[in-house]
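This briefing goes through the structure shown below, topic by topic. Please keep the sequence at hand while reading.

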Amino acid sequence: EEKRSVSFVEQLIEEDLAAGKNGGRLQTRFPPEPNGYLHIGHAKAICMDFGAAEKYNGVCNLRFDDTNPSKENNEYVENILHDISWLGFKWGNIYYASDYFQKLWDFAVWMINKGMAYVDEQTSEQIAEQKGTPTTAGTPSPYRDRPVEESLRLFEAMNTPEAVEGSMVLRAKLDMANPNMHFRDPIMYRIIQTPHHRTGTKWHCYPMYDFAHGQSDYFEGVTHSICTLEFVPHRPLYDKFVDFLKEYDGTAEKGLNDFRPRQIEFNRLNLTYTVMSKRKLHTLVDEHLVNGWDDPRMPTLCGMRRRGYSPESIKNFIQSIGYTKFDALNDMALLEAAVRDDLNKKSTRVSAVVDPVKLVITNYPDGQSEEMEAINNPEDETAGTHTITFSKNLWIERADFMEDAPKKFFRLAPGKEVRLKNAYIVKCTGCTKDAEGNIIEIQAEYDADSKSGMPGANRKVKGTLHWVSADHCVKAEVREYDRLFFVENPSADERDFHELLNPDSLHVNNCCYVEKYAATRKPGEYLQFQRIGYFMADPDTTDAAPVFNKTVGLKDAWAK
Ligand code: ATP
Ligand code: MG
Ligand code: MG
């Protein structure tokens with residue numbers, strides 16, 4: 001286990017545990033709204049919610065915050081579960097805010113009866129206009145002091161199939177002059193006629209976030225409700241509704257006042273060259289600007305998984321950026337460094353040539369071949385070996401040959417020697433060009449005594465090249481990705497985000513040659529194409545051709 005530094009959130013938790021608050025118990029929750037796929041920002045919240053529970057022997061439950069049926073569905077629920085498991089976390093229970101619709105309704109009715117809530121028949125524009133500013137008081141709604149019976153009757157009417165969306169809302173009667181704008185008679189319920197993914201058409205009006213979240217935390221016994229900084233101004237209202245709930249359920253007067261969930265806020269994760277807003281991610285998918293939620297260019301967890309990122313690399317990155325009280329923009333390069341770091345330990349080394357040119361070993365017998373041993377992972381002795389076939393006709397990278405090479409070019413050039421990885425030392429004897437002067441074939445002679453592992457192999461040769469046998473390889477498609485946006489911070493840009501998309505974020509290379517062993521690797525297996533980068537087989541692979549995604553390039557080749 002790597003040493004983790006203690007975040008300010010964990011410090012607060014430790015203080016509460018030490019003080020014996022809530023019986024010295026820790027219970028957190030991760031509360032996704034099932035209206036999209038999880039992205040790496042959510043992973044930051046997941047690492048905190050689940051990580052703290054693990055660290056302090058607590059429990060972290062999942063709660064789907066499904067209070068807006070117009071955007072939610074079960075497909076998202078399923079994928080969220082899958083992504084959290086993939087990250088390696090285990091939840092205690094799975095809850096849904098929709099499980100509490102009746103309880104919340106009853107509580108709202110109690111508030112109306114107490115004169116603490118009223119039905120407002122104004123439009124949302126009118127309500128917004130009356131909010132005032134942080135320094136000037138708002139204007140009370142003309143419906144603010146309507147009789148309790150009228151509000152009760154209209155609240156019932158709001159929950160019928162005939163209710164018209166936007167025609168009425170239920171508001172808490174708090175304080176229209178409060179400097180905290182969230183106290184200026186916040187909306188508790190609104191009418192939505194879209195059927196709910198779990199409760200169908202049972203309900204026609206639904207609680208707002210502020211009237212559902214803290215209450216759900218309270219119902220479940222959450223001790224620490226950890227969220228992001230934009231909820232700081234909501235915290236007093238969160239606490240206020242919990243006060244009301246304790247009055248409602250009688251715990252306050254029974255002297256059971258010790259239980260109270262505590263909201264703690266940390267900074268969101270924002271990454272350079274991408275967007276994290278669900279609305280924008282939806283647009284990218286809906287307008288086919290990417291190939292679905294799991295497009296390897298997306299900041300979604302399913303996209304990163306498909307691209308070949310490991311869960312550990314994502315978690316290590318999140319650990320490295322830490323949790324603070326200040327919003328920041330995190331460098332994508334840091335994430336990529338974490339990916340390289342982890343894949344260096346995990347990936348199986350294979351041979352693949354992505355820009356091929358023919359290399360003929362002229363003194364190697366026609367039709368002969370031999371199996372060379374290739375180490376799967378020099379960082380992991382237990383990873384074993386596989387074999388790669390060597391023969392007379394090979395593919396090597398075009399960039400590994402120069403006809404007129406400078407002195408420091410330690411690759412192939414007429415008269416120069418290189419080692420072919422896992423095989424022999426070869427000496428270049430020449431090349432053949434087509435009518436336009438393009439090199440179409442390179443010739444070399446091999447030294448039969450120089451096979452890797454044999455005594456003659458010890459001769460010092462500066463360069464080592466990767467190769468595949470032309471007669472024993474598989475043609476593959478390789479997809480390379482660049483930044484999805486060409487500006488560092490698309491969310492802060494004034495231009496429409498469509499204009500900021502990098503038009504060259506996907507490059508498809510149909511003519512790569514990979515060794516057979518590589519061609520049989522499956523999605524989920526971490527690969528390093530030696531000297532090129534990290535790759536992973538894509539589910540688009542067919543019997544005709546394997547398809548690979550480039551996860552990230554290597555920082556350094558084998559160059560010494
Ligand atoms: P939206 O508000 O666009 O629907 P959201 O990002 O708030 O989306 P939720 O499903 O409500 O999505 O988020 C679940 C949890 O993940 C919340 O606790 C939220 O604070 C946290 N979260 C979301 N985005 C980030 C982020 N970029 N960094 C850290 N935590 C995040
Ligand atoms: Mg949301
Ligand atoms: Mg949210």
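Three strands make up an open sheet in the order S1-S2-S3, with parallel pairing. Strands and helices here are DSSP runs, numbered from the N terminus: helices are H or I with at least four residues, strands are E with at least two. Two strands count as paired if DSSP finds at least two bridges between them. The model is a predicted one, in which local features need pLDDT of at least 70 and side-chain atom pairs count only at pLDDT 80 or more, while totals for chains, interfaces and linings use all residues. Residues are numbered from 1 along each chain as its sequence is written, and chains are lettered from A and ligands numbered from 1 in the order in which they are written.

- S1 and strand S2 (residues 59-64) run parallel and are joined by four bridges.
- Phe-30 has Leu-62 in S2 as its bridge partner.
- H2 packs on this sheet and touches S1 and S2, its direction making about 155° with that of S1. Axes are lines fitted to C-alpha atoms, for helices over the stretch in contact, and angles run from 0 to 180 degrees between N-to-C directions. Contact between two residues requires C-beta atoms, placed from the backbone, within 7 Å.

**Domains**

- The protein is divided into domain 1 (8-266), domain 2 (271-346 + 472-560) and domain 3 (355-373 + 389-464). These bounds come from an automatic or database domain assignment.
- Between the C-alpha centres of domain 1 and domain 3 the distance is 67 Å.

- The shell around ligand 1 has 16 residues, of which Gly-41, Ala-45, Thr-228, Arg-268 and Lys-278 come nearest. A residue is near a molecule if its C-beta atom, placed from the backbone, lies within 6 Å of it.
- Helix H2 (40-55) and strand S8 (224-228) are the elements that give two or more residues to this shell.
- H2 gives the most, with four residues.
- Six residues of the shell are nonpolar, five polar and five charged. Nonpolar covers Ala, Val, Leu, Ile, Met, Phe, Trp, Tyr, Cys and Pro; charged covers Asp, Glu, Lys and Arg; the others, Gly among them, are polar.
- Ligand 1 lies between domain 1 (8-266) and domain 2 (271-346 + 472-560), because both give residues to the shell around it.

**The seven-stranded sheet**

- An open sheet of seven strands runs in the order S10-S23-S24-S25-S21-S22-S11, with mixed pairing.
- Strand S10 (348-350) and strand S11 (352-353) stand at its edges with a single partner strand each, so one side of each is left without a neighbour in the sheet.
- Helix H12 (residues 332-346) packs on the sheet, where it touches strand S23 (527-529), S24 and S25; the direction of H12 makes about 110° with that of S25.
- Strand S24 (residues 533-537) and strand S25 (residues 547-553) run antiparallel, joined by five bridges.
- Opposite Phe-535 stands Lys-550 in S25.

- Four bridges link strand S12 (residues 356-361) and strand S18 (residues 439-446), which run parallel.
- Ile-361 faces Ala-444 in S18 as its opposite residue.
- Strand S17 (residues 425-433) runs antiparallel to S18, with seven bridges between them.
- Cys-431 has Ile-442 in S18 as its bridge partner.
- S17 and S18 form a hairpin with five residues between them, and Gly-437 in the turn has a positive phi of about 90°.

**Single residues**

- Burial is judged by the number of other C-beta atoms, placed from the backbone, within 10 Å of a residue's own: buried at 20 or more, exposed at 12 or fewer, and partly exposed in between.
- Trp-293, in the loop between helix H9 (278-286) and helix H10 (301-307), is buried, with 22 other C-beta atoms within 10 Å.
- Leaving aside neighbours within four places in sequence, Trp-293 is in contact with Tyr-37, Val-285, Met-298, Thr-300, Cys-302 and Gly-303.
- Tyr-273 is not a glycine but has a positive phi of about 65°; Tyr-273 lies in the loop between strand S9 (262-266) and H9 and counts as buried with 21 C-beta neighbours inside 10 Å.
- Asn-422, also not a glycine, has a positive phi of about 65°; Asn-422 is in the loop between strand S16 (417-420) and S17.
- Glu-370, in strand S13 (residues 369-375), counts as partly exposed with 14 C-beta neighbours inside 10 Å.
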